[in-house]
Amino acid sequence: MKLGAQISYYKAWRGRKHAHTLIKGSPEQSFHVLPSYFHMLEKLNPGTVTRIEVDRESRFKYLFLAFGVAIRGFRYMRKVVGIDGTFLKGQYRGILLVATAQDGNGQCYPLAWGIVDSENEDAWTWFLTQLKEVIGDTDELALISDRVPSIKKAISTIFEKAHHGACAWHVAQNIKNKFKFTDIMGSYWSAVNMYRCEDFSGYMTEISHRYPRVAEYLENEVGFEKWSRCHYPGLRYNITTMNMVESLNNMLVNARDFPYIALLDFIQEKMSKWWNDRWIIVMAITTPLTPSRESELRPRFVQSNGRHTSQLNPVTYHVKGGELEGVVDIFNKTCTCKEFDIDKLPCVHAVAAAHHAQVSVYSLVSPYYTKEYYVLAYGETIYPVGSQSQWDVPNEVVPEMLRTKRGEGQRLQGSHRSKSSESGKIVVVSAALTDTIRINVIVKLDQQKGIHPQTCPFNLPFICSWWLLFYITIITLKL
């Protein structure tokens, strides 16, 4: 209207879609070039791992991507990985899965990405199998997720040594939804963050007196070891929620309707920018620790002043003063307050003991928080693949164009190159259907599978056809 032109909503929608296709490419084109795209990512970013899976009918099913730079950088991360999925909104829908760690400065460190058809057990099992090949499986590893049954079962199946923890925020949301209580949240979060089991028990006693059903749920259905800091059997450090994953989901909110190649390009560009920006931060650091850990540790130097410290043996010190006393072992890096044990950052008692022993406080800090590890984590570059005209792809990677059928509801499909689990051969398929086939054939296939016409992306011609038939029938009856 501002330009003096008036068009229908449908015409405007088609124009927007056409412009979107010109800029981001079509979904069908994304499937067609996906093998070549992955080949170039691996070529330009050594150590990068890509996987493409197809179903029995040779249709695209899953993909997996982990940049070599992130895989190598994970050596310098605390071994805590958050995993989650978010809905995609493009023509073929699907779920974007992500696994991310957290660097020594408290920032998210994306490790792996995947696209699957839905958040079911098979999809999570496949994704976590690929992830295990990338990050390994040790008793030092902690996997944090929400309490979706498919994730829980897949983790227990694939990771035999790693420990699984629940996101404390999701547990809190479940309490609100299940029991409709909100005034309990203060006591709950205090229990979550307690370092000592004695303090934890005090808050749980309070919860059980006021809300016994909630206490039973937290203890028996969820399990203390899943959500509470002090009961967790492995090393979770100070990470109690999946904020590091949620920040990635928020970053992708405007890219979830992109075709897959455009989405992967967006991810690569973001990660490249983060690596560069954080490298600049690293080069400006003048302290032994990362900025966030330095700011966390510094106040403890002041708080340790005035504490009475006595030596019990060559490595053990008793620190009095303040609200809580502590017995510190500077050799094993432990304290009876448990804060030093769990966070791996010296507590106020450990700082006082280090001063008394004339030992550098920084020597007691986990290397994951040091500038040295921060440098190593971001010392490499993630490179883009460039324009398609510049790609150098062997002929065996370039897929042959074959016709595929529309799958079930949110079924993903398209071009791919993958090793078939049954035949061991390379299977290549691409979505090269004409609009006529889509309208006249695919809608019928979806109807046979029980799909409601409104779930089909080509529902408008379908609905218009039936209204036209209905109108003709009425006119005929009147005549």
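1. A residue is called buried when its relative accessible area is under 20% and exposed when that area is over 50%, with partly exposed in between. Please keep in mind that this is a predicted model.

2. Where does serine 187 sit? You will find serine 187 in helix H7, which spans residues 185-193.

3. It is worth looking at what surrounds serine 187. Setting aside neighbours within four places in sequence, serine 187 is in contact with Tyr203, Glu206, Ile207 and Arg210. With glutamate 206 there is also a polar contact: the two side chains are joined at 2.9 Å.

4. Next, please turn to lysine 344, in the loop that links helix H14 (339-343) to helix H15 (348-357). Its phi is positive, at about 60 degrees, although lysine 344 is not a glycine. Lysine 344 has a relative accessible area of 26%, so it is described as partly exposed.

5. Glutamine 358 also deserves a look. What is the phi of glutamine 358? The value is near 55 degrees, which is positive in a residue other than glycine. Glutamine 358 belongs to the loop between H15 and helix H16 (371-377).

6. Is glutamine 358 buried or exposed? Glutamine 358 counts as exposed, because its relative accessibility is 74% and the exposed class begins over 50%.

Technical notes:
Residues numbered from 1 in each chain as written. Predicted model: local features only at pLDDT ≥ 70, side-chain atom pairs only at ≥ 80, totals over all residues. Heavy atoms only, no water. Helix = DSSP H or I, 4+ residues; strand = E, 2+ residues; numbered from the N terminus. Polar contact = N/O pair within 3.5 Å; in protein donor to acceptor, adjacent residues only side chain to side chain. Contact = heavy atoms within 4.5 Å. Buried < 20%, exposed > 50% of the residue type's maximum accessible area, 1.4 Å probe, protein only.
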